[in-house]
Amino acid sequence: MTNIDYKVIVGLEIHVQLATRTKMFCGCELIFAAEPNSRVCPVCLGLPGALPVMNKQAVEFAILTALSLNCKVAEFTKWDRKSYYYPDLPKNYQISQYDLPIGSTGFIEIPLPDGKVKKIRIRRVHLEEDAGKNIHSEGNFSQVDLNRAGTPLLEIVTEPDINSAEEVRLLAIELQRIVRFLGVSEADMQKGHMRFEPNVNLHIKKDNNEYKTPITEIKNLNSFKALEKSVAFEAQRQLAEFLDSGKVMQSGNKKTLGWDDIREVTVLQREKEEAHDYRYFPDPDLVPVVVNKKWLVEIKTKLCELPLTMQNRFVSEYGLSDYDAGVLTADKAAAEFFDNTVKAGGDAKRICNLVTQTGLKIANEKNCKVSQLGISPQKLAELAKMVEAGQISATASVTIFEKMTQSESAPQQIAESLNLLQKSDEGELEKIVDEVIAANPQAVEDAKSGDKKSKKANGFLMGQVMQKTKGTANPQVVAKILSSKLNKGI
Amino acid sequence: MGQKKIDIEQVRQVAKLARLALSDAEIVQFAVQLSAILEYVEKLNQLDTSKVEPLAHCLPINNCLRTDEIKQSLGTEKTLANAPQKDEQFFLVPKILEEPGGL
């Protein structure tokens, strides 16, 4: 029997659309789903005499991202023309960066399910412009919309350090979190703000020999699900192909594939053109970019605590579970709101529950950020403290939270006006417990019996107290009084 | 004259990439002419450029940047004004078959 062991090797290219207001080289507005061809100018069209001018914001977003991915930022970078003919590219070349990318040799850290962190090296980060959109409709023609032509894209290329379909997805999610934290991209998958191209092959050990399968590149994936599934599929397909044909990697046998979302299979596209077929050369219309120390320092001031660092801090400093910390740091606004609330006082776990279980739900319904609900971190901290002090129940805190989004009042006032304050006064509650005990001798008997009936009877007595106080008694205090009375044997 | 710098197959390939339809006679003609041009340019190799930085741009300036401010676009009607074929909102091109873009 043959002995086979294999390792999946994946390198990922990611295109991220930057959140600038205008295009990369002209002032046309970037707006989703605008009227076709309404946001187009002579620069987008590549008309003779039109001159592209760099968007400073896009360059700064690119540098900021490169910094957060631990890249070396180029002191000197330039623009190159990548020539190819396609109807969505009116100039017949794409402005990109070839030999001097704005960022190089960095790394990204991704959290793995087992709690470990994996470091994936980043080969390069460069800026380029997007092409327009071809719409393949019925009939003998295709329609072309150039609104997207010239949109600033950041292309991020990793080294082949990724070793499973799951890792590819985790990397994509982590990158989405990072660009959102930095505010350089909305990273909205539905709007095509992130597109992925994994390069996949296998290193196979068979009978003490190592074989490498031909590399395949899967083009234009625009969801995490498609990304993960296509890599998983491709790994299995390559293994089967190798076992069947023994085909190994050779110069020129790299293939380009597409992903069929419905059948969930990869399908062969054209053979990859060799790099020199793009005939890259420096764009004479654009002057180089020099990033001096002063500019770099200025950009560095816009760096923020990155999501994974923040997630780890929430675990180590506030004692949250990794899961809770992950939920909070999926959204920067929620993470900062939580952080500020904890700093304003109150138990971190309690605040986490309020933010994730109630806050995010209401924010979602209102289609806004949890920080935009009109509740200050200070007020939410007060609410959390009231639960901690037993003044209100956890259930009541949800009701009060909801009211707080509609009212300026402090949580204490709202609790009073809705009669949600719990009675914790032992003397007062003791009187009520005594009344209940006197009125229900059978239940008291059962509760004291210590057998099966006792639990049920205890619950009944608790219920009677709650009923008499219209649900305002602090259950913990009642339980304490009740148990001490029953144990004393009255 | 020694080995041709560009052979007929290379001319065909470059013409294909540039979407130029050339006749066989033109391909032969251009192979000769392009080779002559490359041979002429090759004279530059006689210079020692090992200590010269590659020139990225012929103008001695850099960082021509603009602020991220919206400017008026042409609008759909004007954008399509020169299109050989169009409909209400789109450029029309001959049906695109299997051959994805290069992004």
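Across all chains, 38 salt bridges are counted, a salt bridge being a side-chain nitrogen of Lys or Arg within 4 Å of a carboxyl oxygen of Asp or Glu. The model is predicted, so local features need pLDDT of at least 70 and side-chain atom pairs count only at pLDDT 80 or more, while totals for chains, interfaces and linings use all residues. Residues are numbered from 1 along each chain as its sequence is written, chains are lettered from A and ligands numbered from 1 in the order in which they are written, and side-chain values use heavy atoms, with hydrogens and water left out.

One of the salt bridges joins Glu159(A) to Arg123(A), with 3.0 Å between the closest N and O atoms. Glu159(A) lies in the loop between strand E11 (152-158) and helix H3 (165-182) of chain A, and Arg123(A) in strand E8 (residues 117-129), so the pair ties together parts that are 36 residues apart in sequence. Helices (H or I, at least four residues) and strands (E, at least two) are DSSP runs, numbered from the N terminus. Glu159(A) is buried at 17% relative accessible area, whereas Arg123(A), at 41%, is partly exposed; buried means under 20%, exposed over 50% and partly exposed in between (1.4 Å probe, protein chains only).

Within helix H3 of chain A, Glu174(A) and Arg177(A) are three residues apart, about one helical turn. Their salt bridge has its closest N and O atoms 2.8 Å apart, and both residues are buried.

Thr213(A) occupies the loop between strands E13 (209-212) and E14 (216-218) of chain A. This residue counts as buried because its relative accessibility is 1%. A polar contact of 2.7 Å links the side chains of Thr213(A) and Gln238(A); such a contact is a pair of N or O atoms within 3.5 Å, where within protein one must be able to donate a hydrogen and the other to accept it, and residues adjacent in sequence count only if both atoms are side-chain atoms. A polar side-chain atom of Thr213(A) also lies 2.8 Å from the backbone nitrogen of Leu202(A). The C-alpha atoms of these two residues, eleven places apart along the chain, are separated by 5.4 Å.

In chain B, the buried residues of helix H1 (residues 8-17) are Val11(B), Ala15(B) and Leu17(B). Seen down the helix axis, they fall within an arc of 160°, so they line one face; the arc is that of the directions from the axis to the C-beta atoms. The face turned away from the buried side carries the exposed residues Glu9(B) and Lys16(B).
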